[in-house]
Amino acid sequence: MTQYPEHIWHNGSLKAWRDATVHVMAHGLHYGSSVFEGIRCYETPSGPVIFRLGDHLKRLYLSAKVYDIGMPYPEDVLAAACRDVVKANGLRSAYLRPVAFRGLGGFGLSADCPTDVAVAAWEWGPYLGAGVLESGIDAMVSSWQRVAPNTIPSGAKAGGNYLSGQLIAREARRLGFGEGIAMASTGLISEGAGENLFIIVDGVINTPPVSAGILNGITRHTVITLAADLGYTVVERDLPRETLYFADEIFMCGTAAEITPLRSVDGKPVGAGKPGPITHAIQEAFFGLFRGKTDDRWGWLDPL
Ligand code: PMP
């Protein structure tokens, strides 16, 4: 049985977990009309820090803007809620989940429903499984494509988008793979079910552009920044599927997945079939932020 944390922030205050309920006719439940974030809090030598809290909240409010989901609280109230929910549950490291959704207030698609807002926090280890940050995962190209840009905007992190992610992730799991990679509607590489993708060929780090049906990930931006800082060339460009088979190294990244190497795609080994040196250097720089080994020159670490 899942062990739930004790407290959750819901519509303005901390409550007991079991009391944070919604009506079965809430709009968001029927139509996917929610926006959310995934944020991590890390334990560091100088205490717990929330990683890029401001950037995550900015994206949450922009996602809400896309769908005209009115946000009843200003950003600083949600920032405080994020801190409070980690502290209230006595957590030192955590995954945080702010969510805002159209609540009960009408049954039509365009109904103006009041917005419910919640922030949960719980302990969550490596998203794609124990040990995968070191060993890597076996991935497959999904039979499902990502949404086309003129259908559902992939840059807004909305609940409805994650129907696509569930199809990709569940197909991969059913077939025995660690994760699925989707092509964009163009037929070019997009991203993982819940992760952005980096593909290293001949020392150059490539990643699909935001126009490839991806979520413009905050970890993706972190990786691009750290990689450039380490002196690597990072190129955002359209990539055909075979790049996955030509690659020397591939890794996925996201708040939940952190930096997860790929050891194979579609049963074909990536490079030597184990995590490579550039992936390792980026992991070291990334996790170094939380171990006090990488200087945070970007103001990404927000003390709890
Ligand atoms: N793509 C998708 C579809 C995602 O859901 C996520 C986040 N879970 C990412 C990429 C990575 O985004 P971030 O680094 O901001 O967590």
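Ala, Val, Leu, Ile, Met, Phe, Trp, Tyr, Cys and Pro count here as nonpolar, Asp, Glu, Lys and Arg as charged, and the others, Gly among them, as polar. The model is predicted. By these classes, the lining of the largest pocket divides into 14 nonpolar, 11 polar and 7 charged residues.

This pocket has a volume of about 700 Å³. It is lined by 32 residues, and the closest to its centre are Phe36, Tyr95, Arg97, Lys157 and Tyr162. Several elements give two or more residues to the lining: strands E3 (34–36), E6 (94–102) and E14, and helices H5 (162–174) and H6. Helix H5 provides the largest share, with 4 residues.

The ligand sits in the largest pocket.

In Glu191, a polar side-chain atom lies 2.7 Å from a nitrogen atom of the ligand. An N or O atom in the side chain of Arg59 is 2.8 Å from an oxygen atom of the ligand. For Thr219, the distance from a side-chain N or O atom to an oxygen atom of the ligand is 2.6 Å. On its own, the ligand has 390 Å² of accessible area, and the protein covers 95% of it.

Note on methods:
Residues are numbered from 1 along each chain as its sequence is written. This is a predicted model: local features need pLDDT of at least 70, side-chain atom pairs count only at pLDDT 80 or more; totals for chains, interfaces and linings use all residues. Side-chain values use heavy atoms; hydrogens and water are left out. A polar contact is a pair of N or O atoms within 3.5 Å; within protein, one must be able to donate a hydrogen and the other to accept it, and residues adjacent in sequence count only if both atoms are side-chain atoms. Accessible areas come from the Shrake-Rupley method with a 1.4 Å probe; for residues, only the protein chains shown count as cover. On a 1 Å grid over the protein atoms alone, a cavity is a set of points where a 1.4 Å probe fits but cannot get out, and a pocket is an open set with protein on both sides within 12 Å along at least five of seven lines; lining residues have an atom within 4 Å of a point. A molecule sits in a cavity or pocket if more than half of its atoms lie within 2 Å of its grid points. Grid points are joined across faces, edges and corners, and a volume is the space filled by probe spheres set on the points.
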